[in-house]
Structure formats: structure tokens, C-alpha cells
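Please look at the sequence and the structure shown here, and keep both at hand while reading the report that follows.

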Amino acid sequence: SSAMDTVTEARTAIALAELGGIGSIHRALSPEIQAKEVGKVKHHIHGLIAEPITAKPDWTVAKLIEYRTQKEFAFDSFPVVDNTGKLLGLITHQDFKLNDNPSTLVKDAMTPFKDLVTANTKITREKAYALLKARRKNVLPLIYGDGKISGMYVLSDLKRILSEKTNHNVDSEGRLRVAAAVGVGDDALDRAVLLSEEGVDVFHIDTAHGYSASVGETIKKLKVRYPDIDIIAGNVSVGAGARYLADAGADGILVGQGGGSICTTRVVAGIGKPQVSAVYECAKAIIGRDIPICSDGGIRYSGDIGIALAVGASTVMLGNVLAGTDEAPGEIISQKGIQVK
């Protein structure tokens with residue numbers, strides 16, 4: 001999905017990843033808020049939770065609920081640890097429900113360590129799932145030899161991940177994948193720091209004219225600093241532009257200048273070409289390099305997707321098609337008796 005403020009924030013990205021796609025969080029947000037949106041996607045469901053969000057034993061239940069609300073966490077299971085990180089117990093939604101008094105301390109509401117089922121860090125997903133089912137538990141904390149928390153598995157997530165029926169687009173840890181727009185230059189590098197900390201899967205360099213020195217330099221710098229994070233860059237419309245981005249290190253190339261429903265790039269900048277010709281030329285220019293083309297713009301009907309794929313695209317980026325959906329950002333208003341965003 002397009003990195004537009006009317007199209008993609010966390011809700012859209014979650015919905016797309018659950019369908020097998022990926023959303024790109026727009027950058028009309030502060031770097032901190034954009035990173036928070038990425039975090040919402042990465043924390044929506046989990047396979048292995050490598051760094052569980054923890055609670056302290058001397059917190060009140062009310063404080064923990066307030067903390068969860070402020071951070072907008074979509075989960076309600078928290079390992080309880082001391083100041084050294086040693087696991088003391090686990091507090092879950094069931095514990096919240098059983099304690100009506102909000103002033104109750106977490107250590108008095110939690111399930112103590114002696115009643116938990118735990119495992120070491122080497123356990124596989126399959127064995128973790130089997131253990132949780134056999135012991136009728138929903139959460140499996142992972143601990144080091146010294147008793148410190150090192151990760152956590154959740155039964156519902158393992159069941160989904162290990163099911164052959166799922167179409168979810170997930171990373172190696174079973175978390176939904178998400179991209180985020182970064183632009184170019186220093187702003188891109190500043191955003192990348194926060195986005196990488198939240199586990200973003202793809203940096204999206206979104207510019208009107210991708211065949212430029214600033215885009216190439218940004219790709220190279222990001223690749224040096226974050227070699228394990230993919231970069232999709234653009235936009236270009238000619239073969240030379242596609243080759244330039246590929247040579248700079250892009251893992252995917254965005255094609256389309258002026259093809260979007262509200263895009264004025266061709267008129268304002270005097271660049272671009274019709275979308276089918278652009279996709280065909282760019283795909284042909286980098287054939288054999290195993291770098292996918294994303295056709296960005298001009299998708300209004302299902303047939304447009306088929307055409308884009310037929311002439312060389314591997315994926316399409318949707319904006320207008322998704323804007324106005326329940327998941328897209330925006331306020332619902334009424335116009336002549338019809339609800340619109």
C-alpha cells in the first residue's frame with residue numbers, strides 16, 4: 001500500500017500483511033510517531049517475542065493497565081521481572097479480570113514463577129507449541145540458566161504460524177512484515193535509526209524523481225548501516241533509472257511517475273511516461289538481476305494489476321483503491337447522506 005497519509009498507517013499495514021501483502025507507513029509523521037506505527041504492526045502478533053514488554057512487581061494493576069493503554073499494546077500478557085531481569089511471574093488478562101481492586105500490586109495478582117511452564121532459549125516453535133498444548137497454557141516464557149527472561153512464545157500465534165492455511169506475510173520470528181517511507185538525506189538516516197529499533201522490514205525511499213544522486217547516496221548509506229533491512233526505492237520510469245537504483249543497491253524498484261490518481265509529477269517536473277511502457281522498459285533493463293519491479297500508480301481496476309504483472313512487475317502499489325477503507329487513516333464524514341473519508 002502507498003505511503004500516503006490517506007492510505008497507510010498501522011491498521012492498513014496490519015490488514016495487508018494478514019492478507020499476504022505489505023504496507024508502507026507514510027512519513028507525514030514525526031520520526032517518533034512513525035516508528036510507533038511500525039511498532040504497532042510488529043507487536044500485533046508474534047511468533048517468538050524476542051524482547052517481551054515486562055512489568056515490575058511493585059507496580060499496581062492500575063499502573064500496568066494505564067501503561068498498556070498509553071503504549072496502545074494489542075496484547076495483555078506481561079512477564080514480571082526484578083531489577084536484574086530475573087523472571088518472577090506472569091500477569092495476563094485473566095489475572096486482570098480476577099483482581100477487581102486496581103490498587104492490587106502486580107506481585108500479588110500475577111501467577112508466580114513456580115506455577116509457570118517455562119523453557120530454555122533453544123526450544124523450537126514446534127516443541128514450544130506442543131508443550132503449551134500438553135500443559136494447557138497460553139504463554140511460554142523462555143529463560144536463561146540464571147533465570148532471566150530471554151523471550152516468550154504465545155499459543156495462539158504459534159497455532160497461526162504453524163498452520164498451513166495462513167496467508168500472513170511474516171518475518172523469521174512470525175511477526176507481520178511492514179515497510180516505512182524514509183525519503184532521502186539526513187532525515188532518512190534519522191528516521192532509519194528509530195524504524196530499525198522497531199523492527200521495520202523495508203525502508204521505502206519515496207521520491208518523485210528516483211533517478212538522482214541523493215537517492216543513490218541514501219541507498220548506499222542505509223545499506224552500510226542496515227545490511228539486513230531491504231530497501232525499495234524510486235520512482236523511475238526509464239530503464240537507465242532502474243539500472244541506476246539497482247547499481248546503488250536497491251532490493252526493489254518503484255516504477256511510475258504521474259500514474260497515481262493525484263500525482264502531478266509529469267506536469268510539474270516534466271518527467272515520466274505512460275505506466276505500461278514505464279514498467280516494461282524498467283523490467284527489461286534489469287532482467288536477470290533478481291530485483292523485483294513494483295508498479296506504483298494507475299491501478300483502478302483489477303485488470304490493471306494483471307496488465308502490470310504481464311509487462312514485468314512483480315508487485316503493485318495501491319493508493320486510491322485502498323483510501324477510504326475502514327482501515328485507512330481519516331475521519332468518516334457524511335456527504336449527501338453517504339459516508340465518506
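Which residue in β11 is the bridge partner of I232? The bridge partner of I232 is G252.

## About the model

This is a predicted model, in which local features need pLDDT of at least 70 and side-chain atom pairs count only at pLDDT 80 or more, whereas totals for chains, interfaces and linings use all residues. Residues are numbered from 1 along each chain as its sequence is written, and side-chain values use heavy atoms, with hydrogens and water left out.

Helices (H or I, at least four residues) and strands (E, at least two) are DSSP runs, numbered from the N terminus. In strand β10, which covers residues 230-236, six of the seven residues are buried, so the strand is largely enclosed by the rest of the structure; buried means under 20% relative accessible area, exposed over 50%, and partly exposed in between, with a 1.4 Å probe and protein chains only.

Two strands pair if DSSP finds at least two bridges between them. Strand β9 (residues 202-206) pairs with β10 in the parallel sense over five bridges, and D206 stands opposite G234 in β10. Strand β11 (residues 252-255) also pairs with β10 in the parallel sense, over four bridges.

## The helix on the way to β11

From β10 the chain crosses through helix α10 (residues 239-248) to β11, in a β-α-β crossover that is right-handed; this term applies if, with the strands pointing away from the viewer, the path from the first strand over the helix to the second runs clockwise. Helix α10 contains D247, an exposed residue with a relative accessible area of 58%.
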